[in-house]
Amino acid sequence: MVAELTALRDQIDEIDKALLELLAKRLHLVAAVGEVKSCHGLPIYVPEREAAMLASSRKEAENIGVPPDLIEDVLRRVMRESYVSENDKGFKTLRPELRPIVIIGGNGQMGRVFNRLLTLSGYQVKVLDQGDWPQAEQLLTNAGMVIVSVPIHVTEQVISRLPALPDDCILVDLASVKNRPLNAMLAVHGGPVLGLHPMFGPDVGSVAKQVVVYCDGHQPEAYQWLLEQLQVWGARLHRISALEHDQNMAFIQALRHFTTFAYGLHLAEENIQLEQLLALSSPIYRLGVPRMHPVANKGAMLCER
């Protein structure tokens, strides 16, 4: 029996090695696809292509007795890695004549994401951080675009401190609320103004399939290329008014963060052992624990005081 089991396991190991070799070949082809897309300015994410490929693979899997859900799960994970690989090949520059882009807060987490993507797209990017304000006027005097990527509680303050920008400079903010920052930008700049809200965290390997909400401010024709550049990166755009955006975010983000904080604080006050909860919990519950854990720990320290 042991010999028979060993022989079967050896066959499985050989198949796994073959799968690894096929995955390596696929990633090599994906890299070539990324270079072609970069050269021609094609978007990383093409939903029609992905949907057709998944449908075809599910049908083939069913025909040969493989669970369709299994092959879809595998392919989705492979495609996610493929998007990251394509992302590393760079992107076509849709506005090559654009003057330097200045990211205020460019060394922050989201600022670094946009710095990287814009640099991969061939743009000249400069960073203006907290200690650089004495040189702000010099950095911004010839900017083609200024992106404000700072904590929400100082966004309006930073916008109000901006020196006069060139008339054709595009002023953009990345705050998670839009109405007041957008009005603040319109108050200080008569040129193109755009509000963006990336609906993803700074740890994403690729923005393919990620949602970016945008709110028109002023002269939308001047920043249309930027929206197209976001689509080249693979982002899914959603246009909405600033007021509607904030009303929706009250439920999508604010209420969700509040419930997480309240639950974490309650666990801290009850002196619950998170490790024991995890051992007894379902997969869905465990997904929420990383967000709750810091709150519970901080709450415990507050209770001790």
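# Domains, salt bridges and loop residues in a predicted model

The domain assignment of the protein, whose bounds come from an automatic or database source, gives domain 1 (1–88), domain 2 (101–240) and domain 3 (245–303). This is a predicted model, in which local features need pLDDT of at least 70 and side-chain atom pairs count only at pLDDT 80 or more, while totals for chains, interfaces and linings use all residues. Residues are numbered from 1 along each chain as its sequence is written, and side-chain values use heavy atoms, with hydrogens and water left out.

Reader: How many helices and strands does the secondary structure of the protein come to?

Author: The C-alpha atoms fill a box of roughly 80 × 60 × 35 Å, taken along the principal axes. Helices (H or I, at least four residues) and strands (E, at least two) are DSSP runs, numbered from the N terminus. On that basis the secondary structure comes to 11 helices and 7 strands.

Reader: What area is buried between domain 1 and domain 2?

Author: The C-alpha centres of domain 1 and domain 2 lie 36 Å apart, and 11 residues of domain 1 are in contact with 12 residues of domain 2, where contact means heavy atoms within 4.5 Å. Buried area is the accessible area (1.4 Å probe) that two parts lose on being put together, summed over both. Carbon and sulfur atoms give 58% of that area, which in total is about 860 Å².

Reader: Which residue forms a salt bridge with K209?

Author: A salt bridge is taken here as a side-chain nitrogen of Lys or Arg within 4 Å of a carboxyl oxygen of Asp or Glu, and across the interface of domain 1 and domain 2 the rule finds 1. For K209, the closest N and O atoms of the pair are 2.9 Å apart, and the partner is E50.

Reader: Which helix gives the largest share of the side of domain 1 that touches domain 2?

Author: The interface of domain 1 and domain 2 has 1 salt bridge by the rule. The largest share of the side of domain 1 that touches domain 2 is 4 residues, and these come from helix α3 (residues 68–87).

Reader: What is the phi of K209, and where does K209 lie?

Author: Most residues other than glycine have a negative phi. K209 is not a glycine, yet has a positive phi of about 75 degrees. At 29% relative accessibility K209 counts as partly exposed, given that buried means under 20% relative accessible area, exposed over 50% and partly exposed in between (1.4 Å probe, protein chains only). K209 lies in the loop between β5 and β6 (211–218).

Reader: In which loop does Q219, another residue with a positive phi, lie?

Author: Q219 is a residue other than glycine, and its phi is near 55 degrees. With a relative accessible area of 27%, Q219 is partly exposed. Its position is in the loop between β6 and α8 (224–232).

Reader: Which residues are linked with R58 in a network of salt bridges?

Author: R58 forms a salt bridge with E72, the closest N and O atoms being 2.6 Å apart. This pair links distant parts of the chain, R58 being in helix α2 (residues 47–63) and E72 in helix α3, 14 residues apart. R58 is partly exposed, with a relative accessible area of 26%, whereas E72, at 17% relative accessibility, counts as buried. The residues linked with R58 in the network are E50, D69, E72, R76 and K209.

Reader: Which backbone oxygen lies 2.7 Å from a polar atom of the side chain of H189?

Author: H189 lies in the loop between α7 (179–188) and β5 (193–198), and at 5% relative accessibility it counts as buried. Leaving aside its neighbours within four places in sequence, H189 is in contact with L165, P166, D167, C169 and L171. The backbone oxygen at 2.7 Å from the side chain of H189 is that of C169.

Key:
A polar contact is a pair of N or O atoms within 3.5 Å; within protein, one must be able to donate a hydrogen and the other to accept it, and residues adjacent in sequence count only if both atoms are side-chain atoms.
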